[in-house]
Amino acid sequence: MDVLWDRSTGAGATVREVAEALRDRELAYTTVMTVLDRLAGKGMVEREREGRAWRYRPAASREAHIARLMLDALDLAGSRDAALVRFARSVTGTEADVLRAALAEEADDTLAATDRPPAAKRQV
């Protein structure tokens, strides 16, 4: 996944391109092909035909994937609230500022959405 996420063009990569990027790991072409095929089956990558090859792209950004993993980890906690509090107490001051800003922005968006008049009552 790192190879696909790290490609700045967003054009994705073929199996051969991924295998070349991982050449220091000495993986067989067929191994890379199998892993990418399984990732496609799980919905983690999207693929489209390019000639005889498949071109693979991440289905979600690295950040979205990590956020999903964090939510999945919260689901494993006996108490989501307790896990969130423990997490919040473990972040740095800068990270706490980022979380506060994100929560404030989400609250503002929610408030703005509820303050809008229904579509039928809006005046143009």
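This is a predicted model: local features need pLDDT of at least 70, side-chain atom pairs count only at pLDDT 80 or more; totals for chains, interfaces and linings use all residues.

Three strands form an open sheet in the order S1-S3-S2, and the pairing is antiparallel. S1 and S2 are at the edges with a single partner strand each, so one side of each has no neighbour in the sheet. Between S2 and S3, which run antiparallel, there are six bridges. Glu48 stands opposite Arg55 in S3, and Arg49 has Trp54 in S3 as its bridge partner. The hairpin of S2 and S3 has two residues between the strands, and in this hairpin Gly51 adopts a positive phi near 70 degrees.

I turn now to the helix. H3 covers residues 29-41, which makes 13 residues. From first C-alpha to last, H3 reaches 18 Å, close to the 18 Å expected at 1.5 Å a residue. Which residues of H3 are buried? They are Val32, Leu36 and Leu39. Viewed down the axis of H3, the buried residues fall within an arc of 60 degrees, so they line one face of the helix. The general rule is that an α-helix has 3.6 residues a turn, so residues three or four places apart point the same way. On the other side of H3, Arg38 and Gly41 are exposed.

What do the buried residues of H3 pack against? Their partners are helix H1 (2-6), helix H2 (15-21), strand S2 (45-50) and strand S3 (53-58). As for orientation, H3 lies across S2 and S3 and runs at about 115 degrees to S2. Just after H3, Gly43 has a positive phi of about 80 degrees.

Finally, I come to the alanine. Ala13 belongs to strand S1, residues 13-14. Is Ala13 buried or exposed? Its relative accessible area is 0%, and because buried means under 20%, Ala13 counts as buried. Leaving aside residues up to four places away in sequence, Ala13 touches Leu4, Arg7, Val18, Trp54, Arg55 and Tyr56.

Thank you for your attention.

Key
Residues are numbered from 1 along each chain as its sequence is written. Side-chain values use heavy atoms; hydrogens and water are left out. Helices (H or I, at least four residues) and strands (E, at least two) are DSSP runs, numbered from the N terminus. The expected span of a helix is 1.5 Å times one less than its number of residues. Buried means under 20% relative accessible area, exposed over 50%, partly exposed in between (1.4 Å probe, protein chains only). The arc is that of the directions from the helix axis to the C-beta atoms. Contact means heavy atoms within 4.5 Å. Two strands pair if DSSP finds at least two bridges between them. Axes are lines fitted to C-alpha atoms, for helices over the stretch in contact, and angles run from 0 to 180 degrees between N-to-C directions.
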